[in-house]
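Reader: I have a chain on screen and a few spots I want to ask about. Can you walk me through them?

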Amino acid sequence: MPHYMFRANYTHLGIQGVMKERAASRVTAVESMAASAGGRILSAHWAFGDDDFVTIAELPDNAAAMAIAATVGASGAANVTTTVLLTAAEVDEALARRTAYRAPGA
């Protein structure tokens, strides 16, 4: 199954909810959401700096990842950035493919 990294930045309402419900309850909620999309959370981490919460999920497809990101974003509690993660084998497969390209000015 494909892997995705979700990075979330809480809005002021979102962090107020975390403060009220505590961090562990949010991890449980995210695990339940991934399961409802047919996947699972591989890791979940709190952070500070540009991101407040980072998680790696294994999900069936891009549509499942989009459903999660859209649901969280629409809640207004957090802004989400999603990154598709690739294995070394997937990168090697991509590098073996030839595509037609002309660099600007070439």
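Author: Start with E58 and R40, whose side chains are joined by a polar contact of 2.8 Å. Bear in mind that this is a predicted model.

Reader: OK. Where does E58 sit?

Author: E58 is part of strand β3.

Reader: Buried or exposed, that E58?

Author: E58 counts as buried, because its relative accessibility is 14% and the cut-off for buried is under 20%.

Reader: And what does E58 touch, leaving out residues up to four places away in sequence?

Author: With those left out, E58 touches M1, P2, H3, G39, R40 and L42.

Reader: Which side chain does the D51 side chain make a polar contact with?

Author: That of R7, at 3.5 Å. Not counting residues up to four places away in sequence, D51 touches R7, A8 and N9.

Reader: There's also D61. Which loop?

Author: The one between β3 and α3. D61 counts as partly exposed, because its relative accessibility is 37%.

Reader: What does the D61 side chain reach?

Author: The backbone nitrogen of A64, at 2.9 Å.

Reader: How far apart are the C-alpha atoms of D61 and T71?

Author: They are separated by 16 Å, and the two residues are 10 apart along the chain.

Reader: Change of topic. What is the phi of R22?

Author: Phi of R22 is near 85°, a positive value in a residue other than glycine. Most residues other than glycine have a negative phi.

Reader: Where is R22, and is it buried or exposed?

Author: R22 is in the loop between α1 and α2. R22 is exposed, because its relative accessible area is 57% and the cut-off for exposed is over 50%.

Reader: Now pockets. How much space is in the largest pocket?

Author: About 350 Å³. Its lining has 24 residues, and those nearest the centre are Y10, R26, V30, M33 and V72.

Reader: Which elements each supply at least two residues of that lining?

Author: β1 (3–10), α1 (12–21), α2 (23–36), β3, α3 (62–75) and β4 (78–85). The largest share comes from α2, with 5 residues.

Reader: Step back to the whole chain. How many helices and strands?

Author: There are 4 helices and 4 strands. Along the sequence they follow the pattern β-α-α-β-β-α-β-α.

Reader: Is the chain spread out or compact?

Author: More spread out than a compact globule, because the radius of gyration is 17 Å, well over the 13 Å that the globule rule gives for 106 residues. The C-alpha trace spans about 55 × 35 × 20 Å along its principal axes.

Reader: What share of the residues is buried?

Author: Buried residues make up 24% of the 106 in the chain.

Reader: Last one. Of the contacts between residues at least 6 apart in sequence, what share joins residues at least 24 apart?

Author: That share is 63%.

Key. Residues numbered from 1 in each chain as written. Predicted model: local features only at pLDDT ≥ 70, side-chain atom pairs only at ≥ 80, totals over all residues. Heavy atoms only, no water. Polar contact = N/O pair within 3.5 Å; in protein donor to acceptor, adjacent residues only side chain to side chain. Contact = heavy atoms within 4.5 Å. 1 Å grid on protein atoms, 1.4 Å probe; cavity = no way out; pocket = protein on both sides within 12 Å on 5 of 7 lines; lining within 4 Å. Points joined across faces, edges and corners; volume = space filled by probe spheres on them. Rg over C-alpha atoms; globule rule 2.2 N^0.38 Å. Buried < 20%, exposed > 50% of the residue type's maximum accessible area, 1.4 Å probe, protein only.
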